[in-house]
Amino acid sequence: MSAQDAVKKLAVLGDYEKVFPTSPYANPCRELGFEITFSHDPVTEAEAVELMREADVVVLVRERVPLPDHVLKQLPRLKAISQAGTGVSHIDLDAVNQRGIQVFTSPGLSISSVAELTIGMMIACSRQFPVHQAHLKEGNWIQTPGFELKGKRLGLLGFGKIAKEVAKIASALGMEVTAWRPTGIKGDENSYGVQVLELDELLGTSDVVSVHLRLVPALKGLLNRERLRQLKQGSIVINTSRGALVNTEALVGLLKSGHLRGAGIDTFEEEPLKSNPFADCPNVVLTPHIGYVTWDVLQRFADESLKNIITFKDNSI
C-alpha cells in the first residue's frame, strides 16, 4: 500500500471509561496520519454503523459492540479490527475472513485483575461476607462461622494463564490446587505444584471449584445439572469465565438447598443481567462482569490496542 493509500480513519468504540484519548499511543497514531474518533457511550447497532462507516480500522473494547455479518456488509472501507482483549465471540470471523479484514487482539492484559477477583470471591464466600453484610445492614450482630482456605482443595476447570495465576496465589494461601484441563500443553502444571485430575474426581473432591475456560461450543453448559450434583457438600463455586458454561437454574437450586456453601459469580448467561436468578440466594457474591474492569487493565487495553494500529501502519496494511 502506498503512502497516499495509507489508513486514515480510526474509530474507537466502547471506551466507556474514556481511557483511550489519554493513552500515550494516541498521538503517535495521529502523527502517522490517523484521524481518530472516540465513542464513549453505549450505542445501538445503527449508531455503531454510522460511527464505523468511513473507518479503515476500528478498535473494539471487549464485547461491547458486536460485528455480525450484516453490520460488516455496511463497512466497505474496513481493513482491520484491533480488539481490546482476546474475546472475539462478538465478531463474525467467517465474514471477516471472507472480506480480508485482519483481526488483532491484545492478550494477557487482564490476568492479574481476574485472578485477584477470583481469590477475593473465594475469601468472601468462605467467610460468608454476603450473610454478614445483610445482618449488619439490618442492625443484627450475628457471627456466622466461615472456614479457612488454608488446607482446602481448589479445583480449577481449565489451566490457562488466569488459572495459573490463581493457582500461585491459592498455593501461597496454603491450598491444595488441582486442575482439569481439556486443552493446552500438558505437563507445565508440575511447575505450579498442581495435580491434574479427571473432571468427575475434581468436582467430587474440591472444596472450591473455579471456572477458567473459554466459551467454545464443546464446553457450553459443561457444568450441567448432573455435574453440579457431583459437587462436594458445602463446597463453593466461582465463575469469572463465562456464564454459559454453567447451568444457572441447577446452581441456584443447589445454593437454595444448602448443598453448596456459596458461589461467586461475575459472568452470566445473559448480560446485562435483567432478571437476577440469584436474588433469593443470601450466600452469593455477584459482580457485573468486572473481572477485567480495573483502571490498570483498561489503560493496558488502550495502549496495546493503539500500539497494534501503529504496527498496522508500519506493515502498510
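View 1. Strand E3 (residues 57–61) is largely enclosed by the rest of the structure, because 5 of its 5 residues are buried; buried means under 20% relative accessible area, exposed over 50%, and partly exposed in between, with a 1.4 Å probe and protein chains only. Helices (H or I, at least four residues) and strands (E, at least two) are DSSP runs, numbered from the N terminus. The model is predicted: local features need pLDDT of at least 70, side-chain atom pairs count only at pLDDT 80 or more, and totals for chains, interfaces and linings use all residues. Residues are numbered from 1 along each chain as its sequence is written, and side-chain values use heavy atoms, with hydrogens and water left out.

In a regular strand, side chains alternate between the two faces of the sheet. From E3, Val 57, Val 59 and Val 61 point one way, while Val 58 and Leu 60 point the other way. Strand E1 (residues 9–13) pairs with E3 in the parallel sense over 4 bridges; two strands pair if DSSP finds at least two bridges between them. E3 also runs parallel to strand E4 (residues 80–84), joined by 5 bridges. Val 57 is the bridge partner of Leu 10, and in E4 the partner of Val 57 is Ala 80.

**View 2. The aromatic pair of Phe 159 and Tyr 192.** The structure holds 3 aromatic pairs; rings of Phe, Tyr and Trp (its six-membered ring) pair if their centres lie within 6.5 Å, and planes under 30 degrees apart count as stacked, over 60 as edge-to-face and the rest as tilted. The rings of Phe 159 and Tyr 192 are edge-to-face, because their centres are 5.6 Å apart and their planes stand at 90°. Phe 159 is in the loop between strand E6 (153–157) and helix H7 (161–172), and Tyr 192 in the loop between strand E7 (176–180) and strand E8 (195–196), so the pair ties together parts that are 33 residues apart in sequence. Phe 159 is buried at 5% relative accessibility, whereas Tyr 192 is partly exposed at 28%.

**View 3. The aromatic pair of Phe 268 and Phe 278.** These two rings, Phe 268 and Phe 278, form an edge-to-face pair, 6.4 Å centre to centre with 65° between the planes. Phe 268 is buried at 11% relative accessibility, and Phe 278 is buried at 4%.

**View 4. Arginines over tyrosine rings.** Arg 62 lies over the face of Tyr 292, 4.1 Å from the ring centre. Arg 64 lies over the face of Tyr 16, at 4.2 Å from the ring centre. A charge sits over a ring if NZ of Lys or CZ of Arg is within 6 Å of the ring centre and within 35 degrees of the ring normal.
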